[in-house]
Protein chains: 2
Amino acid sequence: MFCIKPVSQVVNECKAIIKQKNKSRAVKIENALGAVLAEDIISIEDMPSFARSTVDGYAVKAEDTFGSSENMPSFLEVTNEILMGKEAKEPLDFGKAQKIATGGMLPPGSDAVVMQEYTENIDSMLSIYKAVSPGENVIKAGEDIQQEQVIFTKGHKLRAQDIGILAAMGITLVNIIESITVAVLSTGDELVDPNTKVLKQGQVRDTNGYSVTAFLRKNNYLADYVGICIDDYKLLHDRVHELYLEYDVVIISGGSSVGAKDVTSDIIQTLPEAQLLVHGIAIKPGKPTIIATSKNKLVIGLPGHPVSALVVMQHVISPIIASMQGAKPPAFEPTIRAYVKQNIDSQTGRTDIIRVRCSTDGDKIIAEPLLSKAGVFSSLVKADGYIIISESVEGITKDSEVNVHLY
Amino acid sequence: MFCIKPVSQVVNECKAIIKQKNKSRAVKIENALGAVLAEDIISIEDMPSFARSTVDGYAVKAEDTFGSSENMPSFLEVTNEILMGKEAKEPLDFGKAQKIATGGMLPPGSDAVVMQEYTENIDSMLSIYKAVSPGENVIKAGEDIQQEQVIFTKGHKLRAQDIGILAAMGITLVNIIESITVAVLSTGDELVDPNTKVLKQGQVRDTNGYSVTAFLRKNNYLADYVGICIDDYKLLHDRVHELYLEYDVVIISGGSSVGAKDVTSDIIQTLPEAQLLVHGIAIKPGKPTIIATSKNKLVIGLPGHPVSALVVMQHVISPIIASMQGAKPPAFEPTIRAYVKQNIDSQTGRTDIIRVRCSTDGDKIIAEPLLSKAGVFSSLVKADGYIIISESVEGITKDSEVNVHLY
């Protein structure tokens, strides 16, 4: 029995039902790029830990420079040079200055730094041609980060700059949620290994095993392509039960012969505590998708069409796995703004994913829909990105402005 | 001698001078995600290799269905079922139909497929309730890709769907350009290893080594953080000469004490056939950047400020390394459209990179500039993305619509 649900409903229902993976492990930060934090990160010290100069110049008392100008410089005696990496021990008195480099520690008594280019230093006598105000060219201790401050919350996905700030705080080991493991199994009597050089009539090389696995790896999951299984109840049953024990998510792609979808669905229901959540999604392409849980595992029956398989992975399965991983969903989706080249029909109640090729016309970007038949895989390769026509929209008229999500 | 050049000029000049890496190697496609092709990929066969059905149904001669409707069905005799993966050997005669699944091979004599839902099959007699035209629900041989067609050109960066189509064509090994290897060396007397638990006064943990390496890895380069070197001419000289032999690109980050920039620049000039291309870029932050070549190697003196270092990596160095790798530059940059919360000043002749935090206000996205001091690293962590104010623009006024590049 098919029960076709809208995409948003499918994703929300599945997110609500599927438990978050909570197995965490400690990793070195240099290996944590793209990983999801299993804990809040709280700073244990102020950053910087001391007042630092942000420029090359001279540490001063700001009031000693007040009124300084090109025509009326102030004069200060240079008494010291602060060495990088060393404590600035010598206090600064009125009428004095100490040479300091970017990042250097401010000496006690100083409250500002005059940039080198506004000074002239002759025989330890410094002419200052521009006044500074207190705090100018200085980062105070704790100005960047205060002790006890929450820097990242659980579920944050670490970016390059985040790895940098963890290093700066001396946090070199972080607890991350273990990556979701995914098995990608292709089924279909017509499928042969891509290494098959010459195809017999009726045979097709497996593509989903490769493209779906690559898609998952791009998204930081531990995906394994586990090969091809023919459409045989017993063989497929045993393979799925085997994979189910080993992986967090089992994706069964294809089974395109008549009735194979039912076989997949029947087999899924033999898994422990199996619960069929979705049997058909209101998305084009990608409608005949099965989503089920078995204990805390996720089992997916993906359409066999390579285009449908990738569209469903991107729009439906990916957000569900991300939620299973405990990653916060991205707040904003970057796109390019383009104008559609022709009218595009769509049905209300269904999400249409239209692959487009983009070109420029002066300052404008033109999006040309690639309205090829389902199963024409090259459309995905020719496409620069895609437009989402949501459930409530009937179609898009020529020259409308749209958001193109790039591949 | 500083010679400040605009960003676009720096990138174009460096791209023109720096030779492309042309060392290639064969890799299995399952390991080629994100790799850059060293050759054009030309199909050696038609895809699909035979006419296939795109639906579950019955292969027919289209003219046998003409005029069929709910009230006036056509009647055809079902003579065969086409098995998946097998050659459809039995020719189809007028008045006959053969059962076929999605992806099945069309039998000789058939030219269309009637979808199962528009039929009723009782005792081998098929009622057809909807006419099909010739070619309907069929992908012809070669309709997806023709033999001898160029699928990808040299310099293409492989995406998940591209890996899939290579598998479909039986191309399981591809020549890719070897990845660029990058050494990231941090310099500065104040720097200590991030594993240092308690800092002495004046000390700072190295961040650039970690963030710059992570940034490069995210972009598919083979980056190694090679540690910290103090600001000592002899030590730094020997280390740079050593790294230069081993890597395609050597990045020297920091050297923030007075005169250290000149030391870096002096050392770079001792490398074989050294050519200093850039000594200062009109970008804020990131001005004091050195770019040099030595034979076919690239040597970079990166600012010590963590924020400057990452901005320069993203806007200046990254496109140059991509060009060195032979990767085609991306045609379009995805962004989000937002409205700035306040006026932002900028100087003409200089590219300003303004970090922003985004929030939603109804349907609108609001971008709030994080106008913190240089060296305040947490601004990079708080930011969702950044705005580029180009050389020709003087500033941005409150409520202007801008493109935010997400981090």
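Predicted model: local features only at pLDDT ≥ 70, side-chain atom pairs only at ≥ 80, totals over all residues.
Visitor: How many bridges join strand 14 (residues 181–187) of chain A to strand 18 (residues 249–254) of chain A?

Guide: Strands here are DSSP runs of E, at least two residues long, and helices are runs of H or I, at least four long, all numbered from the N terminus. Two strands pair if DSSP finds at least two bridges between them. Strands 14 and 18 of chain A run parallel, and the number of bridges joining them is 6.

Visitor: Which residue is the bridge partner of A:Leu185 in strand 18 of chain A?

Guide: A:Leu185 has its bridge partner in strand 18 of chain A. That strand runs parallel to strand 14 of chain A. The partner is A:Ile252.

Visitor: Which strands stand at the edges of the open sheet in chain A?

Guide: The sheet has 6 strands in the order 17-14-18-22-21-19, with mixed pairing. Each edge strand has a single partner strand, so one side of each is left without a neighbour in the sheet. The edges are strand 17 (222–229) and strand 19 (274–279) of chain A.

Visitor: What angle does helix 1 (residues 7–17) of chain A make with strand 19 of chain A?

Guide: Neighbouring strands of the sheet are turned by 20° against each other on average, direction ignored. Helix 1 packs on the sheet, touching strand 19 and strand 21 of chain A; contact means heavy atoms within 4.5 Å. Axes are lines fitted to C-alpha atoms, for helices over the stretch in contact, with angles from 0 to 180 degrees between N-to-C directions. The direction of helix 1 makes with that of strand 19 an angle of about 165°.

Visitor: At what angle does helix 4 (residues 233–246) of chain A run to strand 14 of chain A?

Guide: Helix 4 lies across strand 14, strand 17, strand 18, strand 21 and strand 22 (297–302) of chain A. To strand 14 of chain A, helix 4 runs at about 170°.

Visitor: How many of the residues of helix 2 (residues 160–168) of chain B are buried?

Guide: Buried means under 20% relative accessible area, exposed over 50%, and partly exposed in between, with a 1.4 Å probe and protein chains only. Helix 2 of chain B is followed by B:Gly170, whose phi is positive, near 75°. The buried residues of the helix include B:Ile163, B:Ile165 and B:Leu166. Helix 2 is mostly covered, with a buried count of 9 of its 9 residues.

Visitor: Is A:Asn137 buried or exposed?

Guide: A:Asn137 has a positive phi of about 60° although it is not a glycine. A:Asn137 lies in the loop between strand 10 (125–128) and strand 11 (138–139) of chain A. With a relative accessible area of 18%, A:Asn137 is buried.

Visitor: And is B:Asp123 buried or exposed?

Guide: B:Asp123 is not a glycine, yet its phi is positive, about 50°. The loop between strand 8 (119–122) and strand 9 (125–128) of chain B holds B:Asp123. Its relative accessible area is 75%, so B:Asp123 is exposed.

Visitor: Which residue does a cis peptide bond join to A:Lys284?

Guide: The omega of this bond is about -5°. The residue joined to A:Lys284 is A:Pro285.

Visitor: By what turn can chain A be laid on chain B?

Guide: Copies are superposed by least squares on the C-alpha atoms of residues with pLDDT of at least 70 in both. The RMSD is 0.1 Å, the shift along the axis is 0.0 Å and the turn is 180°. The two copies are thus related as by a two-fold rotation axis. The turn, again, is 180°.

Key
Residues numbered from 1 in each chain as written. Chains lettered and ligands numbered in written order. Heavy atoms only, no water.
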